[in-house]
Amino acid sequence: MSARLIVDARAATMTGAAPYGLVEGAAIAIEGDRIAWVGPFNHLPRYFAGWPRQSVEGRLVTPGLIDCHTHLVHGGNRAREFEMRLQGASYEDIARAGGGILSTVTATREASEDELVALALPRLDALIAEGVTTVEIKSGYGLTIADETKMLEAARRLGEERAVRVRTTYLAAHAVPPEYASRPHAYLDDVVLAGLDDAESRGLADAVDGFCEGIAFSPDQIARVFDKAALLGLPVKLHAEQLSNLGGAALAASYNALSADHLEYLDETGVDAMARTGTVAVLLPGAFYTLREAQLPPVDLLRKAGVPIALATDCNPGSSPMTSILLVLNMAATLFRLTPEEALAGVTREAAKALGLEREAGTIEAGKRADLAIWDVEEPAELAYRIGFNPLHQRIFGGNA
């Protein structure tokens, strides 16, 4: 088993009381794919003293970044809808006219699994190039059992094609396809619930998600999906309170959801429910920006209640065609007024919680996987401060560069 020391580091461990959990003059001992020890070099235990050393020459080391909400696998693009929005059409207008999610459904159904993998790889590579070591990928653009399975299979293959951890999320409850127009309950029975059985039996789903919104599914309908997920032992997540407040976040919390995501219209009742269960708030500034929203998520309420706040790209072809996790940090600070430390925690420690990976990733601690990012920056705040600049020096995944 390989072993080595990273030395001459400024380690933003994202643990403890110090800002960023910063350890100056740090050493990080890596044994195999695990972190064996981290701390000031002058406190290095004798056991590690003879290990081979890699000096990072004073650079900042953070946990590998985590993109905890993406729709990375899909066919086509929606640049035309981007033009329509600029001409005044709303998200709901486009969706009700047959655009939005359903236009991506058509393109995704027409693509083969191989084509979906080939289309997604450049998007994944862009994330990896910015220090991402874990990415969540949702289905939700197939809306048939076969096409949802195809998307999940493609997502699993991405984790084999690249050195990155992929977590898959079953999102058949994303939209009602045209063939089930005005029959959402039949769609839930025939496709969503039956397909969930199939995905679980194939080991393709790490979690289950839904879109709780007036243009998608009601809380009662989402509850049916979550009841099924509970029977199968799968954790749940929810797109909630993005365009209106239907009480989706509180519903998700009642199922001990890993996360509730978007949350622009979240109210105090929903915040309190999330705080009681530890459900993570995943904020998605790319969608807020692209849709030119004016309703800000209630960051102050979330802070006061102690709800963990994670961030993600929401990479998707319609409302957030973003493949830059670093831009997410800047947007979260600029648009949502998160501090740079909160923003970095949002794509490390809190993002790990949003995927149920807090014992494995998200901080630099002994026993966790050695997923790290080494940066050419002087201060951790630079990661949120710069726009369109990638200071990544080296990415380490499972102990390997």
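This is a predicted model: local features need pLDDT of at least 70, side-chain atom pairs count only at pLDDT 80 or more; totals for chains, interfaces and linings use all residues.
**Exercise 1.** Work out whether Glu115 is buried, partly exposed or exposed, and find what its side chain reaches.

*Solution.* Start by placing the residue: Glu115 sits in helix H4, which covers residues 113–128. Next, take its relative accessible area, which is 43%. Buried means under 20% and exposed means over 50%, so Glu115 comes out as partly exposed. Now follow the side chain of Glu115: it gets to the backbone nitrogen of Ser112 at 2.7 Å. Finally, look along the chain to Gly75, 40 residues away from Glu115; the two C-alpha atoms are 8.2 Å apart.

**Exercise 2.** Describe how H4 packs against helix H5.

*Solution.* First, get the geometry: H4 and H5 (residues 145–161) meet at an angle of about 50°, and their axes are 9 Å apart. That angle makes H4 oblique to H5. Then check the hand, and you'll find that the crossing is right-handed. Who makes the contact? On the H4 side, the residues include Leu116, Val117 and Leu124, while H5 brings in Met151, Ala154 and Arg157, among others. Sorting the contact residues gives eight nonpolar, six charged and no polar.

**Exercise 3.** Decide whether Gln221 is buried or exposed, then list its contacts.

*Solution.* Begin with the location: Gln221 belongs to helix H7, residues 219–232. Its relative accessibility is 9%, and the cut-off for buried is under 20%, so Gln221 counts as buried. A polar atom of the Gln221 side chain lies 2.9 Å from the backbone nitrogen of Ser218.

Definitions and conventions: Residues are numbered from 1 along each chain as its sequence is written. Side-chain values use heavy atoms; hydrogens and water are left out. Helices (H or I, at least four residues) and strands (E, at least two) are DSSP runs, numbered from the N terminus. Buried means under 20% relative accessible area, exposed over 50%, partly exposed in between (1.4 Å probe, protein chains only). A polar contact is a pair of N or O atoms within 3.5 Å; within protein, one must be able to donate a hydrogen and the other to accept it, and residues adjacent in sequence count only if both atoms are side-chain atoms. Axes are lines fitted to C-alpha atoms, for helices over the stretch in contact, and angles run from 0 to 180 degrees between N-to-C directions. Angles under 35 degrees count as roughly parallel, over 145 as roughly antiparallel, 65 to 115 as roughly perpendicular and the rest as oblique. A crossing is left-handed if the near helix is turned anticlockwise from the far one by less than a right angle, and right-handed if clockwise. Contact means heavy atoms within 4.5 Å. Ala, Val, Leu, Ile, Met, Phe, Trp, Tyr, Cys and Pro count as nonpolar, Asp, Glu, Lys and Arg as charged, and the others, Gly among them, as polar.
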